[in-house]
Amino acid sequence: MQKMITRRKKTIKDIDVRGKQVLVRADFNVPLNEDGTIADDTRIRASLPTIRYLCERDARVILCSHLDRPQGTVVERLRLALVANRLSVLLDRPVAALHDCIGPEVESAVAAMSGGDIVLLENLRFHPEEKADDPAFAENLSRLAEVYVNDAFGASHRAHASIVGVPEHLPAVAGLLLAKELDAFARVLQNPERPFAAVIGGAKVSDKLGVLENIIPRVDLLLIGGGMAATFLASRGYGTGASTVETDRLDDVERISAKAAELGVRLLLPRDVVVAESLDSGTRARVVPASEIPDDLIIADIGPEAASEFCRELAECRTVVWNGPMGVFEVPEFAEGTRRVAATLANLHGTTVIGGGSTADAVTRFGLADKMTHVSTGGGAALTMLAGKPLPGVEALEEAEEP
Ligand code: ADP
Ligand code: MG
């Protein structure tokens with residue numbers, strides 16, 4: 001069994017933050033509606049414990065984040081004032097939105113803060129230096145504070161200035177959300193209660209190879225659904241109709257299947273599937289056995305028998321990690337497999353960790369997020385963790401002293 005050697009990182013609870021100027025890198029990269037309003041404020045809510053903790057200790061809280069992809073220039077609709085407004089409502093106290101994230105005006109605004117005040121710097125990605133991890137930009141950011149806190153799990157797989165550059169200049173520790181995320185993944189990857197299952201789905205097998213390779217030696221059971229099931233079915237000689245098969249990944253899939261067999265990991269593919277002419281809403285959907293997929297139809301979801309089998313197996317598990325929806329859950333006709341897996345995990349007496357942007361979105365839409373042990377706020381960062389790779393933003397933080 002592979003063991004990851006991870007030392008615990010210091011958190012805000014391990015240092016003295018009282019009255020200090022604290023720069024908090026948060027992840028306020030929230031989805032927006034077409035009219036520019038916030039579509040889902042989960043990530044903003046997830047940042048509240050750290051902010052409250054700091055305010056209660058009279059720290060001067062300087063928040064920063066990116067939002068979307070402004071490509072290094074000022075984009076009016078991506079100003080963080082809209083996040084500051086939401087934060088201010090959620091915290092029931094003022095949160096001042098500044099018009100830039102570095103420079104003399106920002107420095108004087110920060111110098112005028114009192115204990116317990118909160119400001120939010122402007123979208124970091126208005127400056128191309130953020131993504132480029134420009135040393136001068138990182139230094140300018142670090143000049144605003146005495147302590148750096150990374151609470152941006154969802155951005156910690158990126159080696160950007162606010163993630164890896166600033167910690168070179170300041171004492172750098174994890175916020176409460178980041179610590180919670182790391183704990184949740186450590187719980188499943190390091191010492192899971194057994195039986196331990198992974199449910200892997202989503203669009204493409206090529207996005208999930210790292211996760212599959214890392215997870216196989218750790219689990220007892222691996223369930224495969226989503227679009228990537230087509231490539232698994234094809235590698236076993238099944239006809240997959242008009243589904244997208246990643247032919248350049250058939251070798252990888254065979255290797256993964258062989259590895260599972262060698263390690264005695266049970267790998268289940270859907271025994272039946274929902275197929276349709278297209279993945280759009282309103283298309284006629286029908287259920288067929290996986291061995292009888294008509295040539296002109298596409299796999300859009302796992303079928304009812306597969307869902308029953310998956311749920312029966314999962315109900316026996318003590319730990320489940322789930323990445324990737326079982327079908328095109330955004331379309332009601334193809335959401336049932338994902339919904340049934342979500343419902344089973346919601347009722348599980350054990351640890352359930354949900355990682356992946358779409359998977360988290362699905363669980364939230366079904367109203368089941370609260371019933372899981374942990375729903376990760378990071379997409380790419382969760383995949384990086386599940387693939388067993390270090391997050392640069394976490395590596396950059398100070399290690400906790402050995403107990
Ligand atoms: P996550 O963001 O949770 O890691 P992915 O990005 O890998 O998940 O995949 C999510 C997408 O996969 C969803 O948009 C979903 O519609 C799509 N998907 C699921 N099943 C299928 C399928 N059978 N065919 C095509 N796309 C699918
Ligand atoms: Mg995704």
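Modeller: Domain bounds come from an automatic or database domain assignment. On that basis the protein chain is divided into domain 1 (12-179) and domain 2 (194-349), and the centres of domain 1 and domain 2, taken over C-alpha atoms, are separated by 38 Å. This is a predicted model, in which local features need pLDDT of at least 70 and side-chain atom pairs count only at pLDDT 80 or more, while totals for chains, interfaces and linings use all residues. Residues are numbered from 1 along each chain as its sequence is written, chains are lettered from A and ligands numbered from 1 in the order in which they are written, and side-chain values use heavy atoms, with hydrogens and water left out.

Colleague: Why does Arg52 count as partly exposed?

Modeller: Buried means under 20% relative accessible area, exposed over 50%, and partly exposed in between (1.4 Å probe, protein chains only). Arg52 has 37% relative accessibility and therefore counts as partly exposed. Arg52 is placed in helix H2 (residues 48-56); helices (H or I, at least four residues) and strands (E, at least two) are DSSP runs, numbered from the N terminus.

Colleague: With which residues is Arg52 in contact, leaving aside its neighbours within four places in sequence?

Modeller: Contact means heavy atoms within 4.5 Å. With those neighbours left aside, Arg52 is in contact with Leu90 and Leu91.

Colleague: What makes Glu330 a polar contact of ligand 1?

Modeller: A polar contact is a pair of N or O atoms within 3.5 Å; within protein, one must be able to donate a hydrogen and the other to accept it, and residues adjacent in sequence count only if both atoms are side-chain atoms. A polar side-chain atom of Glu330 lies 2.5 Å from an oxygen atom of ligand 1, so the pair meets the 3.5 Å limit. Asn323 also has a polar side-chain atom 3.1 Å from an oxygen atom of ligand 1, and a polar backbone atom of Ile299 is 3.0 Å from a nitrogen atom of the ligand.

Colleague: How do the residues of the shell around ligand 1 divide?

Modeller: Six are nonpolar, ten polar and two charged. Ala, Val, Leu, Ile, Met, Phe, Trp, Tyr, Cys and Pro count as nonpolar, Asp, Glu, Lys and Arg as charged, and the others, Gly among them, as polar. H14 gives the largest share of the shell, three residues.

Colleague: Which residues of helix H13 are buried?

Modeller: In H13 (residues 336-346), they are Gly337, Thr338, Val341, Ala342, Thr344, Leu345 and Ala346.
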